[in-house]
Amino acid sequence: MSTQATVDTDLLHEGLDWEYCGLRPVRLGPAVRPPPPTAEDPLSLSADAFDYDQESDLLWLRGDVRGVQGNRFVAADGVVYDHNTSDLVAKGSIFLADPGVRLIADGARMNLASDQGSLSDVYYRFTGKLNARGNADQAELVDPTLTRYRNIVYSACRPGQRAWSLDAAELELNQAKGWGVARHATLRVRGLPVFYSPYLSFPIDKRRKSGFLVPTFGSSDRNGIDVTVPYYWNIAPHMDATFFMRHMTKRGPMLETEFRYLSPHQRVRLSGELLPRDNQRDSRDTRWALRIEQAGAFGPRWSTALDYRAVSDDQYLEDFSAQLEQTSARNLERRGDLSYSGDGWYLLTRLQEFQTLDETLGPESKPYARLPQLVFGINPRNRVGPGIELGVSGEYDYFHHDTIMHGHRTALQPFARWPLRRRYGHLIPQLNLHLAGYDLKDRQPDKDARPSYAIPSFNLDAELVFERAVKWFGRESLQTLEPRVFYLHTPFTEQADLPVFDTAEQSFSYDSLFRLNRFTGWDRVGDANQVTLGLTSRTLARDSGQELLRASIGQILYARDRDVQVSGPPEEGGRSPIAGLLSARLLQNWTGRASFEYDSDQETDRLRKQTLELRYQTPDNRLLNLAYRFDLGTGEEKLYENTDLSFSLPVNRGFQLVGRWHYSLLDSQTVEAFAGLEYGQCCWRVRLLGHHLKNEPDSAGTNSVMLQVELAGLGSIGQQVDKFFERSIYGYSIH
């Protein structure tokens with residue numbers, strides 16, 4: 001390894017900051033790199049003294065020699081330049097500045113026409129796409145984007161820091177391809193050797209290259225020690241694949257793969273997992289998972305989408321997934337879409353079915369498949385007289401099921417409205433007609449196999465907007481008062497004989513106060529003779545238009561009982577619960593949100609739903625999320641009450657605590673909790689995580705440990721803990 005004497009390297013960094021280490025982060029945008037000099041660019045030389053041999057066309061320069069050609073600058077104690085060959089030989093205190101790289105050397109030979117040369121006893125600094133530095137016994141400039149080094153020290157740490165370095169007998173950095181290759185490489189941490197490899201390749205920008213990636217490892221009480229070795233195959237610029245050789249000490253070896261295809265008009269992702277024999281199961285059956293995702297656009301009007309998922313058994317996601325929303329999934333969707341967007345109209349064709357993972361459900365409780373579903377609509381247009389808008393939406397479905405009644409449904413909803421919109425409010429009367437017809441199979445003989453309905457409806461939406469100037473914590477602002485009245489009339493039509501394919505009662509909230517139908521889907525049209533009274537007040541910053549405060553409250557007043565139901569008796573009562581919503585930007589870094597549902601007609605449990613959320617976030621990545629959520633629901637299975645705390649707290653410049661605690665007050669137990677720490681500097685970072693997950697109240701839960709070591713400009717070792725934090729903590733961002 002190099003035995004260079006101490007050299008003043010200040011010139012390498014003069015006028016350049018070290019805002020980041022290693023690869024340039026996306027948040028800073030693309031690096032702007034000046035073009036390299038060409039042979040047509042004139043060469044300007046200056047020195048304290050010079051001699052010129054006219055016969056050989058040689059130029060000798062001595063003392064404070066300086067040369068400029070385009071964006072290249074050279075300084076040295078002495079230079080010999082051959083004008084015939086463009087060869088330049090420099091000696092003593094050489095400084096070379098090229099776009100993207102700076103070099104200090106003791107001796108240099110270069111050809112200015114070909115941009116090739118070599119330097120000895122070199123110190124270097126990269127800029128632009130890559131912030132890195134080091135020294136070498138010799139550097140070879142093959143072209144402006146390709147350099148080779150011998151006996152080199154490479155690091156992405158700031159000047160004066162030596163947290164880690166890569167020492168190699170040979171190193172090649174190819175900025176055109178975006179990769180570096182080291183031979184006989186030793187990774188040193190604080191000067192101590194921790195890893196050796198005869199051959200090592202690593203990225204120096206965001207481009208891809210085939211080869212083995214850094215292994216990942218972790219540990220959990222469900223799977224034991226978990227080690228994964230990935231191999232990346234860069235098939236083509238628009239296509240790649242990754243193969244994962246994974247071994248879990250408690251379960252055995254698993255093969256995973258991911259294939260990706262990306263073009264300007266289409267993207268495809270195919271992933272799969274295969275565990276030939278699971279040592280944790282008595283049967284030791286083969287277990288597997290498959291997912292296919294596709295999204296494409298064909299011309300300006302046609303588009304496609306595919307999402308197909310399948311697993312070998314009901315417990316697969318619970319055993320091998322680490323996220324609550326995945327482990328608690330009960331149905332896996334399989335869906336394919338073909339869409340067409342016309343001039344003012346649209347058509348969606350869909351095939352959809354599900355794999356049910358809940359073994360407690362009987363065959364009759366599994367969801368229907370749609371084979372197919374056609375969704376179409378015409379956007380509102382002025383068709384009849386000035387300002388009158390006509391539109392229609394509709395749907396055709398064939399609902400398939402192996403064990404219970406199934407069949408066809410065709411539904412249509414044409415409407416006409418006359419919107420009167422002004423700066424101070426709006427008045428929108430609208431007429432609707434709900435139409436649907438069925439052709440059912442396997443229905444009881446005494447029931448109509450072809451029921452239908454035709455139900456008219458009328459609604460009137462009126463709102464006024466009042467404004468006044470106010471000050472919000474000393475800030476010039478605009479406050480509004482927006483009363484809103486929404487009237488809906490839909491006559492009662494008997495619908496008890498209609499099937500229930502995809503319909504349920506919509507969840508109650510402030511937004512639901514202004515809906516045309518209290519049910520989802522097309523199997524029920526709720527009867528209504530009701531008036532909704534709503535009031536909203538907003539505070540807006542005058543300089544930016546940013547919403548600083550929003551407060552909304554509303555209630556429905558019923559003129560009759562609601563006889564149409566999915567199941568059960570009619571709903572009585574002259575008024576709905578009161579629904580409210582509040583969101584505010586408090587001070588500089590605090591934001592809050594609250595919603596509630598209050599039913600004054602109940603003797604007990606009047607507050608039926610409540611959400612309180614408070615968030616604190618600063619520019620230096622201090623983050624705190626607090627939430628309380630409560631809902632009595634419509635049945636025991638929908639009742640929940642929980643708290644959620646998550647945070648990212650920088651203790652000092654290099655140390656950060658990260659965590660989340662999701663607690664069920666209803667079950668008096670933790671649903672999910674993890675605590676992690678990040679420690680490091682600009683050029684390195686260590687992330688350690690302990691994770692507990694419980695997807696069922698009666699389960700014991702799983703515990704796991706994850707570790708990630710990130711070396712800027714070289715890669716990361718271990719599992720992607722940073723990605724886990726980003727998914728699990730709202731507002732968390734990778735630095």
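# Briefing: buried charges, cores and surface features

Arginine 287 and aspartate 319 are both buried. The model described here is predicted. The two residues form a salt bridge in which the closest N and O atoms lie 2.9 Å apart. This pair links distant parts of the chain, with arginine 287 in strand E20 (residues 287-298) and aspartate 319 in helix H2 (residues 316-320), 32 residues apart.

**Salt bridges**

- The count of salt bridges comes to 56.
- Arg287 and Asp319 also belong to one network, joined by salt bridges that share partners, together with Arg222, Arg251, Asp278, Arg281 and Asp313.
- Arginine 66 pairs with aspartate 64 in a salt bridge, the closest N and O atoms being 3.3 Å apart.
- Arginine 66 counts as partly exposed because its relative accessibility of 39% falls between the limits of 20% and 50%.
- Aspartate 64 is likewise partly exposed, with a relative accessible area of 42%.

- Glutamate 678 is buried, with a relative accessible area of 0%.
- The side chain of glutamate 678 meets that of arginine 685 in a salt bridge of 3.8 Å, N to O.
- Arginine 685 is also buried, at a relative accessible area of 13%.
- The side chain of glutamate 678 additionally makes a polar contact of 3.1 Å with the side chain of arginine 687.
- Arginine 687 lies in strand E41 (residues 684-693) and counts as buried, at 2% relative accessibility.
- A further polar contact, of 2.9 Å, joins the side chains of arginine 687 and glutamate 710.
- Leaving aside neighbours within four places in sequence, the contacts of arginine 687 include Leu677, Met706, Leu707, Val721, Phe725 and Tyr732.

**Nonpolar cores**

- The largest nonpolar core has 49 residues, and those with the most contacts inside it are Tyr149, Tyr154, Trp164 and Phe202.
- A second, separate core holds 13 residues, among them Tyr368, Leu440, Ile455 and Phe501.
- Not counting residues up to four places away in sequence, phenylalanine 202 touches Tyr154, Leu166, Leu171, Leu173, Trp179, Gly180, Val181, Ala182, Gly713 and Leu714.

**Other buried positions**

- Histidine 434 is located in strand E28 and is buried, with a relative accessible area of 6%.
- Beyond neighbours within four places in sequence, histidine 434 is in contact with Leu412, Gln413, Tyr453, Ala454, Ile455, Ser457 and Val525.
- Leucine 12 is found in helix H1 (residues 10-13) and is buried, at a relative accessible area of 2%.
- With neighbours within four places in sequence set aside, leucine 12 is in contact with Phe95, Arg102, Leu103, Ile104, Tyr123, Tyr124 and Arg125.
- Leucine 12 and glutamine 69 are 57 residues apart in sequence, and their C-alpha atoms are 19 Å apart in space.

**Surface and loops**

- A nonpolar surface patch of about 770 Å² is made by Tyr424, Leu464, Phe466, Leu481, Leu535, Ile553, Phe596, Tyr598 and Leu607.
- Within this patch, tyrosine 424 occupies the loop between strand E27 (420-422) and strand E28 (425-441).
- Proline 237 sits in the loop between strand E16 (224-236) and strand E17 (239-248).
- At 78% relative accessibility, proline 237 counts as exposed.
- The C-alpha atoms of proline 237 and arginine 562 are separated by 60 Å, the two residues being 325 residues apart along the chain.

Conventions:
Residues are numbered from 1 along each chain as its sequence is written. This is a predicted model: local features need pLDDT of at least 70, side-chain atom pairs count only at pLDDT 80 or more; totals for chains, interfaces and linings use all residues. Side-chain values use heavy atoms; hydrogens and water are left out. Helices (H or I, at least four residues) and strands (E, at least two) are DSSP runs, numbered from the N terminus. Buried means under 20% relative accessible area, exposed over 50%, partly exposed in between (1.4 Å probe, protein chains only). A polar contact is a pair of N or O atoms within 3.5 Å; within protein, one must be able to donate a hydrogen and the other to accept it, and residues adjacent in sequence count only if both atoms are side-chain atoms. Contact means heavy atoms within 4.5 Å. Patches are made of residues with over 30% relative accessible area and no salt bridge: like charges are joined within 9 Å, nonpolar side chains (Val, Leu, Ile, Met, Phe, Trp, Tyr) within 5 Å. Accessible areas come from the Shrake-Rupley method with a 1.4 Å probe; for residues, only the protein chains shown count as cover. A salt bridge is a side-chain nitrogen of Lys or Arg within 4 Å of a carboxyl oxygen of Asp or Glu. A nonpolar core is a set of buried Ala, Val, Leu, Ile, Met, Phe, Trp, Tyr and Cys residues joined through side-chain atoms within 4.5 Å.
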